[in-house]
Amino acid sequence: MRFVELIRKKRRGLRLDDGELRALVEAYTEGILPDYQMSAFLMAVYFQSMEADELAVWTEAMLHSGQVLDLSHLSGAKVDKHSTGGVGDKVSLILAPLAAAAGLKVPMISGRGLGHTGGTLDKLESIPGFDVNQPVERFIELVDTLGLGLIGQTGEIAPADKKLYALRDVTATVECIPLIASSIMSKKLAEGIDSLVLDVKVGSGAFMKTLDDARELAQTMIDIGRSMDRPVRALLTDMDQPLGDTIGNSLEVIESLDTLRGEGPEDLTELTVELVAEMLDVAAEDADEDRDHRKRRLRELLQDGSAMELFARIIEEQGGDPRVCEDYSLLPTAAHAVDFTAASAGIIEAIDAESVGIAAMELGAGRRTKEDSIDHGVGLTFLKKRGAEVADGEPILRIHYNDDQNLAAVRQRLTEAIRIGDGPVEAPPLILERLS
Ligand code: URA
């Protein structure tokens, strides 16, 4: 096949047929098609996009570029959740055991944090001993027996995405809805799930800054799911301020544990319960149960310790120390803490999620590049959030740090990120829209 002809075709905005799309993905995964030609093709897609049926074939080729887990022998509905990434988003740590306690099977394959957003794997690794690199057979056994497994992407799952994502990262082709949608869906469907719930974040701390873009991304992923007979639902949720009260790996584990015992912040609890309710709905489990009743039942599974018990068991099964669930002093902590206070009295009108995410990264909670290491103990704890009243000099948040080298820059960034005014504040709802 003359790949240059396919690049030219896409550059002119013409459709590629199924065989041509599959050939591109296969040749690139096998190293036959060089980076420079795939870069040109991706840029052509960036400008000309893909038709829905082209994207379905492209995604399916990416999905089948490696191992596709077969969970068909497991009883029960296999459902996962994917978030497009945000600041303070620790939902997965609570959601996976809660959904398992509610009877679902959750084969969760997560990623690491990059830039201002955090990653589930980094949070889990702040639990001493927790091993996110389980062999696939062991992962499937955990999903079968406990109802959940929490691992990182293996080299065998969707290798086309791994190569394409790395290439997009250095060719300015990440911010492209069909390419984002195919990247996410190829990895998620390779988990062998029956259905999927998406948490598409919207706002300053999200990939998608506007509701229109978020809606388009969500609908594109729903359409890809439909083309493969996998029901997909999406919640569009607010990411204009951080979710919950903490940013930073160990701090977020503690907040997740609080939430698992029914004592977490309301925004985090509400979003987690909504997403699990959606998972039960899309899996057609308890199809007759009314939504409010289902959500009440989920909150009970937090209150009565059922979800926490499963989290403690998965920690133990994956090599971690389950005593952290009761004794937070076993988790890494920063050596120092200092308050960040209000420079004037008023109402907190905005907390720019991206900026505070970058501030946490500068403390060492996140990575600037894939090669950076993480300091699990550092981060930020919010004492006040959007809409709260503050007095002059009152603490808004606490900075947990080990190294004071970046402290002045972090303070400056926080000063710019947090706007105090006269109010009132019209906060958007947490759940902005529901798509199916
Ligand atoms: N997350 C992914 O997995 N892929 C993208 O392309 C963007 C975000």
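Ala408 and Glu416 are exposed (over 50% relative accessible area; buried is under 20%, partly exposed lies in between, with a 1.4 Å probe and protein chains only), and they sit on the face of helix H16 turned away from its buried side. The buried residues of H16 (407-417) are Leu407, Val410, Leu414 and Ala417. Seen down the helix axis, these buried residues fall within an arc of 85°, so they line one face of H16. That arc is taken over the directions from the helix axis to the C-beta atoms. Helices here are DSSP runs of H or I with at least four residues, strands are E runs of at least two, and both are numbered from the N terminus.

What covers this buried side? The cover of the buried H16 residues includes strands S7 (336-341), S8 (346-351), S9 (379-382), S11 (395-401) and S12 (418-421), along with helix H15 (353-363). Contact means heavy atoms within 4.5 Å.

This is a predicted model: local features need pLDDT of at least 70, side-chain atom pairs count only at pLDDT 80 or more, and totals for chains, interfaces and linings use all residues. Residues are numbered from 1 along each chain as its sequence is written, and side-chain values use heavy atoms, with hydrogens and water left out.

Next, a lysine. Lys123 is found in helix H6. Lys123 counts as buried because its relative accessibility is 1%. Leaving out residues up to four places away in sequence, Lys123 touches Asp89, Lys90, Leu93, Gly118, Asn249, Glu252 and Val253.

Now the pockets. A pocket is an open set of points on a 1 Å grid over the protein atoms alone, where a 1.4 Å probe fits, with protein on both sides within 12 Å along at least five of seven lines; lining residues have an atom within 4 Å of a point. The largest pocket holds about 1500 Å³ of space. Its lining has 50 residues, and Gly111, Arg112, Gly113, Tyr165 and Lys187 lie nearest its centre. Elements that each supply at least two lining residues include strands S1 (79-83) and S2 (106-110) and helix H8 (159-169). Domain 2 (79-154 + 163-178 + 190-325) and domain 3 (331-421) each give at least three residues to this lining. Those bounds come from an automatic or database domain assignment.

The second largest pocket has a volume of about 190 Å³. It is lined by 14 residues, with Met50, Ala52, Leu55, Thr220 and Asp223 nearest its centre. Helix H10 gives the most to this lining, with six residues. Volumes are the space filled by probe spheres set on the points, which are joined across faces, edges and corners.
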